[in-house]
Amino acid sequence: MAFVGSASAVKLGFSSAISSRVGGDRYGKRTSRVSMGLATNLKGGVETFAEELVETANKIASPGHGVLAVDESTKTIGKRLASIGVENTEENRQGYRQLLFNCPGLGEYISGAILFEETLYQSNTDGTPFVDCLKSVGVIPGIKVDKGLSPLGGAESFETWCTGLDGLSERAAAYYKQGARFAKWRAVLQISNSTPSKLSIDENAWGLARYAKTVQDQGLVPIIEPEILMDGDHSIERTAEVQEEVLATVYKFCDLNGVFLEGSLLKPNMTVPSAEFPGTTSPEEIGAYTVRTLERQVPPSVPGIMFLSGGMSEEEASINLSVMNKAPRKGPWSLSFSYGRALQQSCLKTWLGKEENVEAAQEALLARARANSQANLGKYTPGAEKSLDAQGTFEKGYKY
């Protein structure tokens, strides 16, 4: 079982993380301490890859670009295929992913794609590896490296910890050899009257920090994902309170573990009320609370914050991101997207497993990619791009 951080570790401040901040304007090129010749205190294999890690992280977080999350497990992609009446076979999974990764013009809006392990080693029907397909359209291949959630002993019955640290270094080295250049690890926390417990926060934050350091040592940029589920009926204020505590703990443990922040990315929720909250919340409120939360807890040396969609509809995810990017802020990071369902729903519903629909499905994918590219720049006009996803895809206790 992963180590749970001690009280002394929790008390550590941001001194190291803050001292490693980078320069650069809100959307301009960032100058890292590596390029300034200041990377003298890096430990482990990360020193070998430091320049590459910075380059990769900044390319993923470059203006007008975001991440396509295609890292669904075999079981979860089966649910997606079933929703359009397609059987969950390797051939059909390959066919769908081939549609995505050979989409002309995808790299104009998408800088990275997170893959499931099966997908990293799959090829087109013509034998071209998927990683080469992605590179040919300007998209950096990434890989989901966690092994899923497990009940957390000593915590509430529904609280979990994320498995996968055993053997991670060796797997990360193999993924790098296969062509991956970044990784993702999803920890999950849940809000209730008694949660998240301190045990859950510490355990999941520690796992994220250990993962980040481990994959950096093998050349992969870590996307750090502390997801707070939308389950419940709590307010946006309660979400912000929990999110601040979680992010503070994550970055304290990153500091303790020597994570190279300039070569990392964050994938949080937007700060939103729960799915069953009885009131209404405007995109402007979501943007204000989200930016405030990030400015309070995320070090400025992190190049990009790539939001998860968390079950929001395609249009909702784009509008909220765009409004957020219009607002003034102190934080220097790119506020962008790492969407799965909020990029793929219209594409799936257009494809329907039929070869004759591939071109139209690719255009549906490009439409949502364009929408979120504009949203990253604060320029998206609601309704400007077509969407077949009116309701969103929220699922209680979402697992994939």
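Modeller: Buried, as I use the word, means under 20% relative accessible area, while exposed is over 50% and partly exposed is in between, with a 1.4 Å probe and protein chains only. Helices (H or I, at least four residues) and strands (E, at least two) are DSSP runs numbered from the N terminus. This is a predicted model, in which local features need pLDDT of at least 70 and side-chain atom pairs count only at pLDDT 80 or more, whereas totals for chains, interfaces and linings use all residues. Residues are numbered from 1 along each chain as its sequence is written, and side-chain values use heavy atoms, with hydrogens and water left out.

Colleague: Fine, so how many of the 13 residues of H12 are buried?

Modeller: Ten of them are, so H12 is mostly covered by the definition of buried above. Among those buried in H12 are Glu314, Glu315, Ala317, Leu321 and Met324.

Colleague: And what covers the buried residues of H12?

Modeller: The cover includes helices H11 (283-297), H13 (341-351) and H14 (358-376), together with strands S9 (304-307) and S10 (334-339).

Colleague: How far apart are the end C-alpha atoms of H12?

Modeller: They are 19 Å apart, which agrees with the 18 Å that residues 314-326 should span at 1.5 Å a residue. The expected span is 1.5 Å times one less than the number of residues in the helix.

Colleague: Changing topic, which residues have the most contacts inside the largest nonpolar core?

Modeller: They are Tyr211, Met270, Leu294, Val298, Phe307, Tyr339 and Trp351, in a core of 89 residues. Helix H10 (residues 236-257) gives the most to this core, with nine residues. By nonpolar core I mean a set of buried Ala, Val, Leu, Ile, Met, Phe, Trp, Tyr and Cys residues joined through side-chain atoms within 4.5 Å.

Colleague: What is Leu294 in contact with, leaving aside its neighbours within four places in sequence?

Modeller: With contact meaning heavy atoms within 4.5 Å, Leu294 touches Leu247, Leu266, Ile305, Phe307, Trp333 and Leu335. There is also a second, separate core of 19 residues, which includes Leu53, Ile60, Val67 and Ile114.

Colleague: Is Thr293 buried or exposed?

Modeller: Thr293 counts as buried because its relative accessibility is 0%. Thr293 has its place in helix H11, and, leaving aside neighbours within four places in sequence, Thr293 is in contact with Ala240, Gln243, Glu244, Leu247 and Thr271.

Colleague: How many aromatic pairs does a search of the whole structure find?

Modeller: The search finds six. In one of them, the ring centres of Phe101 and Phe130 are 5.1 Å apart with the planes at 80°, so this pair is edge-to-face. Rings of Phe, Tyr and Trp (its six-membered ring) pair if their centres lie within 6.5 Å, and planes under 30 degrees apart count as stacked, over 60 as edge-to-face and the rest as tilted.

Colleague: Where do Phe101 and Phe130 lie?

Modeller: Phe101 is in helix H5 (residues 90-101) and Phe130 in helix H7 (residues 130-136), so the pair ties together parts that are 29 residues apart in sequence. Phe101 and Phe130 are both buried.

Colleague: What about Trp185 and Tyr211?

Modeller: Trp185 and Tyr211 are stacked, at 5.4 Å centre to centre and 20° between the planes. That pair links Trp185 in strand S6 (residues 182-189) with Tyr211 in helix H9 (residues 198-216), 26 residues apart, and both Trp185 and Tyr211 are buried.
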